[in-house]
Structures are given as C-alpha cells and as structure tokens.
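Here are my notes on the model you asked me to look over.

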Amino acid sequence: MAGIVILSAMTIRADDWAVATRLASAAPKERVHSTTAETTWAVYLDYNASAPLDPRAAEAMVSVLTNVGNATSAHGFGRRQAALVDRSREQVAALVGSRPSNVVFTASATEANNLAICGAVQAAGQDQFRILVSAVEHASVFRTADWLRARGVVRVDVIPVTRGGVVDLGAVERLLGPDVLLVSVMAANGETGVVNPIAEVAELAHGAGSLFHCDATQFAGRMPLSMDDVGVDLVSVSAHKLGGPMGVGALIGTRRSLARLAPVIHGGGHERGLRSGSLNVPGIVGFGEAAALAVEVRAEESIRLARLRDFLTARLIAAVPGVVQIGDVERRLPNTACLRFRNADAEAVIVNLEPVAASTGSACSAGSIEPSHVLLAMGLSRSAAFECVRFSLGRSTVDTDIDFAVSRAVQAVRYVRKMTAEAV
Ligand SMILES: Cc1ncc(COP(=O)(O)O)c(C=O)c1O
C-alpha cells in the first residue's frame with residue numbers, strides 16, 4: 001500500500017470541483033487512486049450518519065445546477081424546473097410505494113418529522129390531545145414531542161422497547177385510546193439498526209382511530225417499504241442517508257393524512273400549502289436520482305452488506321475479548337452493527353480508529369457528554385452505553401475495508417484498555 005492514497009467517494013472534499021466532477025462521471029464503486037508520498041487509507045463506516053453522495057446523483061445535480069428559474073413560474077424556465085421536480089417526486093414516491101402527489105419536499109427528515117408531529121397537533125380537534133412516541137426515536141421526533149408537551153399542547157406517552165430495542169407492541173396496545181391523535185414509531189433505529197414491527201403498530205394505531213407516523217429515514221432505500229402494505233399514514237425520509245445530497249428530505253403521506261396537517265412553515269403555499277419556500281431543484285433532483293438507484297440496487301446490496309457486516313462482527317468477536325452485540329440481531333438493517341467493547345470508552349476507541357470512521361450514539365448536551373438515550377431505553381447502564389460503537393456500511397464498502405477496519409479496531413480497543421488500566 002505504500003505511497004498510495006485511496007480516495008473513495010466519501011473522502012472527496014466538496015470544494016474540490018475537479019475531483020467531484022470526475023467522481024460524478026465514475027461508476028458508483030470506482031475508487032480514485034493517486035500516488036503521493038503519504039499513505040492513507042480512509043474507510044468510511046458511518047453511513048447511518050450520512051452516506052456519500054452517489055456519483056449518479058451528483059451528476060444529475062451538476063446537470064441542473066446552473067438552470068435558471070423558479071419551479072412555480074409559468075414561463076418555460078419555470079416549467080423546465082417543475083418538470084425536473086415532478087420526475088423526482090415520482091422517484092421518491094416509488095421509494096415508499098406511494099404516489100407522486102403525496103410527496104411534500106422538505107429540507108431534511110428532521111423537518112419532515114416536525115411537520116408530521118406539529119402539523120397534526122396544530123390541526124387536531126380538542127378530543128385528541130395525546131401522542132405516543134417510542135423511547136428510541138430520533139431527537140427530531142422525541143424533542144419535538146417534548147417541546148409540545150412542555151407547552152401544554154399535548155400529553156406525550158413514551159412507548160418502551162424490549163432489551164433488543166424493538167418497540168413493545170403490548171405497551172402500544174395499553175397506551176392507545178380514543179384520545180390519541182398520533183403514534184410515531186421509527187421503521188429502523190439508526191444507532192442499533194433494529195427494525196420495528198411497523199405494520200403491527202399501524203394496525204393498532206388505526207384500530208384506535210390514531211394517525212400513524214413512521215420515521216423511515218434509516219430504513220427507506222435499505223429495505224423495501226410500501227406505505228399501502230404497511231398501512232402507514234405519514235413517512236419521513238432523508239436524501240443524504242441514501243446517497244443523495246444533504247439538505248433535502250420529504251414527508252410522504254396518504255391524501256387523507258396530509259389533509260389532517262397544518263403547515264409549520266408559512267409563506268407562498270408551496271407543496272400543497274404544507275411547506276412554503278421555493279423548491280431546491282438541484283437537491284430534489286439529486287434526491288430523486290439517489291432514491292431510484294437505491295430501489296434498483298437494494299436487494300443485492302442488502303445481501304452483500306449483511307455478509308460484510310457479519311464478517312466484521314465475527315472477526316472482531318474472535319479477535320477481541322469482551323465484545324457484545326447490541327440490539328436484536330434477528331431484526332436489523334443489513335448494514336448496521338452496534339458493538340460494545342467492554343472496558344473501552346467508545347469515544348476513545350473512535351479517536352484511535354482513525355482513519356476508519358465509525359460513531360457512538362452519545363450526544364453532547366450542555367457541555368457534557370450524555371450516553372445514548374436509545375441504549376439506555378434498551379436497559380444498558382450508563383457505563384455500558386458509553387462503550388458502544390456503531391459501524392454502518394454502505395455501497396462503497398468492500399472486503400478490504402473490513403480487513404482494515406478490523407485491524408484498526410483491534411489495535412484501538414487494546415490501546416484504550418491499556419491506557420484505562422494504567423490510569424487507575
Ligand atoms: C431515524 C432518523 N430520523 C431523522 C434523522 C435526521 O435526518 P436529517 O439529517 O435529514 O434531518 C436521522 C439522522 O440521523 C435519523 O437517523
């Protein structure tokens with residue numbers, strides 16, 4: 001490897017226009033090799049945080065970046081932009097088996113979650129004043145719910161999860177009632193990859209007359225999802241988790257459920273009046289292209305990634321004592337492994353893993369590091385939660401990345417344990 005820099009899609013700096021353009025015309029799995037004195041092999045195993053922009057999506061975006069016109073304008077420039085948005089609407093709708101007219105483009109899944117929850121609460125009558133959210137939701141769901149609760153707008157009940165991280169269906173049933181406006185349960189958790197029984201939750205929610213919102217940010221594009229089959233009313237998705245650009249998401253709803261929302265962002269009445277603001281055409285085009293590609297490669301990628309993920313896990317368990325798999329391994333996204341390395345602080349492991357990128361679920365809050373609320377909800381102690389590392393793989397991950405990641409992780413955990421032992 002000496003003298004070779006391997007730059008894969010995820011190591012390209014956004015401001016390096018020449019490289020970005022070359023990348024845009026490259027095949028998805030092609031890597032860019034160049035020779036310098038420095039030896040670097042960066043391996044990106046943090047796809048659940050953000051997936052690299054897929055070259056096909058990048059190319060589609062570049063081709064419209066200098067287009068003139070607002071997609072709402074009646075002239076030819078505007079109509080050309082609107083046609084591009086329409087095509088992307090079809091591609092994003094296909095991602096979740098919905099209809100193009102049911103897609104509301106937003107700037108992120110965070111915004112889509114806010115629109116689903118705040119929008120439903122704003123538009124609701126007085127007899128439905130309770131919402132249910134699972135204990136492992138993303139901050140954009142649970143903090144939004146909590147913000148509404150703190151203002152006395154709704155009552156919020158938290159649905160517990162099993163030790164495997166799966167939402168407790170018995171608890172959903174017990175908590176439901178005619179006063180429940182909305183149930184929000186994610187399709188798959190980003191930290192553990194654990195997949196929830198969303199069709200069952202939908203059935204329970206509908207039985208009680210509640211709306212069912214599902215944050216499918218980590219699930220869509222990785223697993224098949226049909227809104228009709230599952231019976232979900234509102235789904236949130238994000239472009240940058242599936243190879244599209246950052247800054248674009250969508251809330252996709254059935255016609256009836258969208259009619260039960262009030263806008264959160266007011267203005268010119270774009271997106272069925274639910275999300276005002278001129279549309280980000282290049283971003284939306286990139287989202288559409290990434291969604292179409294995800295649908296195309298999803299089945300074979302699932303098999304390939306599950307094999308690589310299991311290979312990574314098995315080799316780490318064999319090489320490092322005290323490795324524990326976190327989350328129900330029978331119900332996980334194919335690309336995700338959450339591993340606890342006993343007696344090794346995960347933040348320290350991450351730093352020593354460089355140039356391999358993985359992550360922890362802990363969050364910076366008011367100057368202190370807090371353990372992941374997801375892991376705590378699954379019954380892990382604070383100290384155990386601080387020892388968990390998430391590896392999330394994606395389209396550019398190959399066998400040699402796993403070899404390198406394993407060797408770095410073995411060294412990193414040994415080093416952190418040694419340093420910790422010496423410090424006490
Ligand atoms: C489940 C889930 N929902 C929502 C989000 C937020 O997505 P965005 O970055 O598009 O706001 C994330 C990001 O990690 C996520 O994992």
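Predicted model: local features only at pLDDT ≥ 70, side-chain atom pairs only at ≥ 80, totals over all residues.

1. Residues are numbered from 1 along each chain as its sequence is written.

2. Let's begin with the seven-strand sheet. This open sheet has mixed pairing and runs in the order β5-β11-β10-β9-β8-β6-β7. At its edges are β5 (103–106) and β7 (155–159), each with a single partner strand, so one side of each has no neighbour in the sheet. Neighbouring strands here are turned by 20° against each other on average, direction ignored. Strands (E, at least two residues) and helices (H or I, at least four) are DSSP runs, numbered from the N terminus, and two strands pair if DSSP finds at least two bridges between them.

3. Four bridges join β5 to β11 (residues 249–253), and the two run antiparallel. Thr106 stands opposite Gly249 in β11. Across β5, β10 (234–238) and β11 lies helix α3 (residues 76–95), at about 105° to β5. Contact means that C-beta atoms, placed from the backbone, lie within 7 Å; axes are lines fitted to C-alpha atoms, for helices over the stretch in contact, with angles from 0 to 180 degrees between N-to-C directions.

4. Gly249 also belongs to the ligand's surroundings, together with residues including Ser108, His138, Asp215 and Ser238. A residue counts as near if its C-beta atom, placed from the backbone, lies within 6 Å. The shell has two nonpolar, nine polar and one charged residues, with Gly counted as polar.

5. The other sheet is open too, with three strands in the order β12-β13-β17 and antiparallel pairing. Its edge strands are β12 (323–325) and β17 (388–392), each with a single partner, so one side of each is left without a neighbour in the sheet. Three bridges join β12 to β13 (residues 336–341), and Val323 has Phe341 as its bridge partner in β13.

6. Do have a look at α10 (residues 281–319), which lies across β12, β13 and β17 at about 10° to β13. Where does α10 bend? The bend, about 60°, is at Arg298, taken between axes fitted to the seven residues ending there and the seven starting there.

7. Finally, two backbone details. Most residues other than glycine have a negative phi, and most peptide bonds are trans. Glu271, in the loop between α9 (255–258) and α10, has a positive phi of about 50°. The peptide bond from Glu354 to Pro355 is cis, with omega near 5°; Pro355 sits in the loop between α11 (346–353) and β14 (356–357).

Technical notes
Contact = placed C-beta atoms within 7 Å.
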